[in-house]
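Please read these points with the structure open beside you. They start with the chain as a whole and then turn to one helix.

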Amino acid sequence: MKPKPPRINIIMWRFMGSRLISSTRCMSTSTKALSRFGWWDRVSPAAKDPIIGVTEAFLADTNPHKINLGVGAYRDDEGKPVVLQCVRNAEAKIAGCDFMESNATAVGSKLVEESVKLAYGKDANVVKEGTFAGLQALSGTGACRLFAEFQRRFHPESPIYFPDPTWSNHPNIWRDAQVPVRTFQYYHPVSKGLNFAALMDDIKNAPDASFFLLHPCAHNPTGVDPTAEQWREISYQFKVKSHFPFFDVAYQGFASGDLDMDAQAIRIFLEDGHLIGCAQSFAKNMGLYGHRVGCLSVLCADAKQAVAVKSQLQQIARAMYSNPPIHGLLLVSTILSDPETKALWVKEVKVMANRIQQMRSTLRESLEKLASPLNWEHITNQVGMFCFSGLTADQVDRLVREFHIYLTQDGRMSMAGVTTSNVSYLANAIHEVTRYN
């Protein structure tokens, strides 16, 4: 027979039990109070990204004649996404590769090396001497975000100037990094071309040692690029003012069909002795939008400085996302480093650029055949993926409501969405909404 526990233990147990019940009740009451407090009551829906909003509206439309001119990715003449043959070949080459972490560093280094050659030139001294800090990034957006954070840490008082207009996500990226954001004049709405005089004035009037974001080719959203001579004048003025040029290279190859020609702005600045930052994306020119493969490079005074800068970029990336995924990295590094596969890619880039140029010509000709009262020369004067049409917000609304044609409110059209089968319908719709204006 077990001895009975001492009475004091029973009393203590009952006492502790009552405290436990009381504590549980308090926790329940506290949880209810917190629930009533409402941690997220002040959170309101964020404004939709203008480009994502266009895509969502397009997908919800059931009209068989609908056209999506919002997407900034290449489409073939049937309006379908394209898997390039060079990508298929690279996929075959990496089949059976060991996707282990031990490979990531070496493959990432290869990607950076080949990306830098693509931007600055394969024989550039910065490549030979290793005076650059480079890091694989999550596409061009990730490369911009890395640099924005780097700028905030080491030049916290310096603003960054964006062309007016620029890609809608640029201000978001630098504002989230708490970098002061400014603009410089770029587009001339009357000529639908470059406002070069105003651009130069803004560069001259900006505080010394400001950061400027530049589109080296196929400017998004306008499709308006400076000439080589204008780039030289811009570069000279940057030297006078000690400004830092940061190039966002999202569409290399889409302006002229020539990868080297589309990098001429970067190389002009390089020849003039600038230190340069460069964000590169392979989402568009390799058709790898979902793989998020990009590169950030920052030119430095010497190799020792490059090591220090790279270590800081690595620390920033480590806290943000640690390491990017390896599959897309292997695809891009294989395409860039294998001569046969790269040669095929160069040809396919030319094919994509030629199709876009052909659609520009066809759209302009179609509008002119309709005896449009407006001048549509800017359609073929502008280059790259986008056409800044000059359509007003009201005219864009009519295109959406009456013709099921989707584009952003500023009139930016993605020429990749224009095909042989829909260009006549598009021209007639544009003519209808502009004929009496």
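1. The secondary structure of the protein chain consists of 16 helices and 13 strands. Keep in mind that this is a predicted model.

2. The protein chain has 437 residues, and 50% of them are buried. Its accessible surface is about 22,000 Å², with 55% of that belonging to carbon and sulfur atoms.

3. Among contacts in the protein chain with a separation of 6 or more, 75% are between residues 24 or more positions apart.

4. Now look at helix α11, which runs through residues 303-320 and so has 18 residues by the DSSP assignment. From its first C-alpha to its last, α11 reaches 26 Å, close to the 26 Å expected at 1.5 Å a residue.

5. Which residues of α11 are buried? They are Ala306, Val309, Leu313, Ile316 and Ala317. Viewed down the axis of α11, the buried residues fall within an arc of 95°, so they line one face of the helix.

6. The cover over the buried residues of α11 includes strand β2 (132-138), helix α6 (139-154) and strand β10 (293-299). On the face of α11 turned away from its buried side are the exposed residues Lys304, Val307, Arg318 and Ala319.

7. At its start, a side-chain oxygen of aspartate 302 comes to within 3.2 Å of the backbone nitrogen of lysine 304. Just after α11, serine 322 has a positive phi of about 65°.

Note on methods: Residues are numbered from 1 along each chain as its sequence is written. This is a predicted model: local features need pLDDT of at least 70, side-chain atom pairs count only at pLDDT 80 or more; totals for chains, interfaces and linings use all residues. Side-chain values use heavy atoms; hydrogens and water are left out. Helices (H or I, at least four residues) and strands (E, at least two) are DSSP runs, numbered from the N terminus. The expected span of a helix is 1.5 Å times one less than its number of residues. Buried means under 20% relative accessible area, exposed over 50%, partly exposed in between (1.4 Å probe, protein chains only). The arc is that of the directions from the helix axis to the C-beta atoms. Contact means heavy atoms within 4.5 Å. A polar contact is a pair of N or O atoms within 3.5 Å; within protein, one must be able to donate a hydrogen and the other to accept it, and residues adjacent in sequence count only if both atoms are side-chain atoms. Accessible areas come from the Shrake-Rupley method with a 1.4 Å probe; for residues, only the protein chains shown count as cover.
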